There are 2 protein chains.
Amino acid sequence: MGVIEKLSGAPALAQEAPLDLALDRILKGDCIEVMRALPAASVDLIFADPPYNLQLGGDLNRPDGSHVDAVTDEWDKFETLGHYDRFTRAWLTEARRILKPNGAIWVIGSYHNIFKVGAAIQDLGYWILNDIVWRKANPMPNFKGTRFTNAHETLIWASMGEKSRYTFNYRSMKTLNDELQMRSDWEFPICGGQERLKKDGVKVHPTQKPEALIYRILLACSKPGDVILDPFFGTGTTGAVAKRLGRHWIGIEREDSYIAAAEERIAAALPLDESALTTMQSPKAAPKVAFGTLVETGYLKPGAVLTDAKRRWRATVRADGSLLSDCGQAGSIHKLGSTLQGAPACNGWTFWQHEAEGKLQPIDTIRQTYLLATQP
Amino acid sequence: MGVIEKLSGAPALAQEAPLDLALDRILKGDCIEVMRALPAASVDLIFADPPYNLQLGGDLNRPDGSHVDAVTDEWDKFETLGHYDRFTRAWLTEARRILKPNGAIWVIGSYHNIFKVGAAIQDLGYWILNDIVWRKANPMPNFKGTRFTNAHETLIWASMGEKSRYTFNYRSMKTLNDELQMRSDWEFPICGGQERLKKDGVKVHPTQKPEALIYRILLACSKPGDVILDPFFGTGTTGAVAKRLGRHWIGIEREDSYIAAAEERIAAALPLDESALTTMQSPKAAPKVAFGTLVETGYLKPGAVLTDAKRRWRATVRADGSLLSDCGQAGSIHKLGSTLQGAPACNGWTFWQHEAEGKLQPIDTIRQTYLLATQP
DNA sequence: TCACCCCTTGAATCTAAGG
DNA sequence: GCCTTAGATTCAAGGGGTG
């Protein structure tokens, strides 16, 4: 493994003699220029994690006053949305040239950029096969309470065209998912802990992706021995996973610090034995149902009256799933329960009762009914 | 409630005398033409469920041989992706004209169209606030085993611009979600059972959306009395939910069969009564109480001693509601808190504590007492 | 060793009102 | 427009220390 320098200033024409396809290497340079130098129709799969073009305002602090370490790197800055658009179409065009006719591409992004990416993918003649949602188990909250917690990112999977015969290992995915078809929503934790690359206690890359995410993609959409290209290689997650899964890889990256980290990491990566496959799976989340869901879905109507088991307190259900007690206090089922009792905490599911078939039943029974109706 | 016919062939210029804003009505006609006739800056919120441009191939059968009833309606057919693009930009442009400056728009779609929609939204100057994933609890499986199960749809929430002051009922959403911030991934079952409109056993509309989904959107992003417009009204889910939640609504729809079903449905919908509609308010919306007021009204006496929770700092309340710390610094409760901690900001209401019943309590509890005593 | 508590951190377009 | 001030605002994981 080594770094091949793309000579800066070299004419970056498609006509120039292409580099031989150097496998399992990091190519240093701008991804568009480097791709131009690669032979056409030579790559089986592309995984791309391009800059998101976040447009952050000033500093952001958590409620406790601590500072949020945001993505402020130069590589994420674009003058205008138009510039980002042209950049996106340029690299997607080169990607299309070097993909084999039956190849495919994956791109990850957030709402800042994914619509531009998706529109470009369609305009350039790719054929979208799925969009996939990565649900983050532990996203960063919205500290100011101004929007919904940004708890997911989106991936687009596209083939070279409507008739292209892409690779999809249906059986592997079904096995990986306890014999149920793999859905388009995947849950993984964000990259942290031992997996997160750090130098002197500081994260090496601001947006390192979890290996589990790439693992599932390569397992689903490539075969052993295939060539996987990552034009925004960063710290080499794609390379490490490809090596583990017995795929060839090519990485393109501009920054020396990322390249150094990626080389060390990939050198240390060992091909996985089968047993590791099971550890890559995210634990099945126990289905959680919020009280408000029962209101939204009509299992309990706003205006319904609840009491405690001894009928000491009464409360009315409101449209947002809060309760209003007869004495004028309001809150969630748990909060109001604890307030009324003067207790530090209260499980509203068992505390609050509703009348059904002539007797009081905890509202948890409604939740059970809902779960029975909606869970497979 | 009634249908107002948009005369076909009438000149659809923005200059023509706009219709008065007829509330709680279905306007019959092409959504672009009808919107052109509506007054500018007159609508608080738009919910739009446009055609998805599905581009289905031949018939699809389940493994057992039964036939899948797909979306084959005329309204979902567009000659090319370019035609769909122009259609999308046209209706989004009119939507933008009739939205109030602090209004907002929601659009739902799938990977077939949502990237085109999102790109157009950004190009037209809207400001995306979140993308939301509707995870279907019970999606249709991928019968051929060729891709991942398409188990979600995507919604885009956007304001009129970066500086626009959109409505977001943060507190209601948090209450609805058991006291956790509402995330960007929502799980609901698809529309079926009693809720699914049928005529002679056949579904009236191929893509009827669940009321729970619209319920959450309207609860989060509108206020009682607001005007909600749905330019692709279909069988009137938006109208039914708006009526229930005490919002005004306007629907635009071309097809008589959908209009008839929507009218019947909305007539049968029951509005929630006032008390159920009252929702948890953010402190932002609650009347503000200055710290000085508590001093003026005697809830806290000048000379009283406050400390932080860990008793690292002490300060004395002065007659004008400022604090004087032991080290001689003075300022408002917020300013002194941030100065002492060297923090960029500090909420004095929770930082400063007073001793009551033998233990420390934040001075915010005094404010709550004051509010309970003085608010009607 | 384990349970428990505390601290840190993560792709974030992150305030509102008044002068 | 800008500037200032009041005051509202966080969830799940992982790691380290302690009992």
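A polar contact is a pair of N or O atoms within 3.5 Å; within protein, one must be able to donate a hydrogen and the other to accept it, and residues adjacent in sequence count only if both atoms are side-chain atoms. Here's one to start with: an N or O atom in the side chain of A:Lys209 sits 3.1 Å from a base nitrogen of DNA strand C. The model is a predicted one, where local features need pLDDT of at least 70 and side-chain atom pairs count only at pLDDT 80 or more, while totals for chains, interfaces and linings use all residues. Residues are numbered from 1 along each chain as its sequence is written, chains are lettered from A and ligands numbered from 1 in the order in which they are written, and side-chain values use heavy atoms, with hydrogens and water left out.

**DNA strand C**

- There are 39 residues around DNA strand C, and A:Arg62, A:Tyr111, A:Lys144, A:Asn150 and B:Arg165 come nearest (a residue is near a molecule or strand if one of its heavy atoms lies within 4 Å of it).
- Of the atoms of DNA strand C that come within 4 Å of the protein, sugar and phosphate account for 46%.
- A:Asn150 has a polar side-chain atom 2.8 Å from a phosphate oxygen of DNA strand C.
- A:Asn138 uses its backbone instead, with a polar atom there 3.4 Å from a base nitrogen of DNA strand C.
- Sorted by class, the surface near DNA strand C has 19 nonpolar, nine polar and 11 charged residues (Ala, Val, Leu, Ile, Met, Phe, Trp, Tyr, Cys and Pro count as nonpolar, Asp, Glu, Lys and Arg as charged, and the others, Gly among them, as polar).

**DNA strand D**

- DNA strand D is surrounded by 24 residues, the closest being B:Tyr170, B:Lys174, B:Gln181, B:His334 and B:Arg367.
- For DNA strand D, 61% of the atoms within 4 Å of the protein belong to sugar or phosphate, and the rest belong to bases.
- Chain A reaches a phosphate oxygen of DNA strand D through a polar side-chain atom of A:Gln194, 3.0 Å away, and a base oxygen through a backbone N or O atom of A:Phe143, 3.4 Å away.
- From chain B, a polar side-chain atom of B:Asn347 lies 3.4 Å from a base nitrogen of DNA strand D.

**Where chains A and B meet**

- Chain A puts 75 residues into the contact and chain B puts in 70 (contact means heavy atoms within 4.5 Å).
- Together the two chains bury about 6200 Å², with 53% of it on carbon and sulfur atoms (buried area is the accessible area, taken with a 1.4 Å probe, that two parts lose on being put together, summed over both).
- In chain B, the residues losing the most area to chain A are B:Phe115, B:Arg147 and B:Phe148, together 14% of what that side buries.
- Between the chains there are 36 residue pairs in polar contact, both residues being at pLDDT 80 or more.
- E5(B) gives the most to the side of chain B that touches chain A, with nine residues (strands, E, are DSSP runs of at least two residues and helices, H or I, of at least four, numbered from the N terminus).
- That side of chain B has 37 nonpolar, 20 polar and 13 charged residues.

**Salt bridges**

- The structure holds 43 salt bridges over all chains, and six of them run between chain B and chain A (a salt bridge is a side-chain nitrogen of Lys or Arg within 4 Å of a carboxyl oxygen of Asp or Glu).
- One that joins the chains is B:Arg216 with A:Glu296, where the closest N and O atoms are 2.6 Å apart.
- Another pairs A:Lys335 with B:Glu179 at 3.7 Å, going from helix H10 (residues 333-341) of chain A to the loop between H4 and E7 of chain B.
- Within chain A, A:Arg89 bridges to A:Asp85 at 3.8 Å; the two are four residues apart in helix H2 (residues 81-98), so about one helical turn separates them.
- A:Arg89 also meets A:Asp123 in a salt bridge at 3.2 Å, N to O. A:Asp123 lies in helix H3 (residues 114-123) and A:Arg89 in helix H2, so this pair ties together parts that are 34 residues apart in sequence.
- A:Asp85 counts as buried at 15% relative accessibility, whereas A:Arg89 is partly exposed at 27% (buried means under 20% relative accessible area, exposed over 50%, partly exposed in between, with a 1.4 Å probe and protein chains only).
- A:Asp85, A:Arg89, A:Lys116, A:Asp123, B:Asp85, B:Arg89, B:Lys116 and B:Asp123 are linked in a network of salt bridges.
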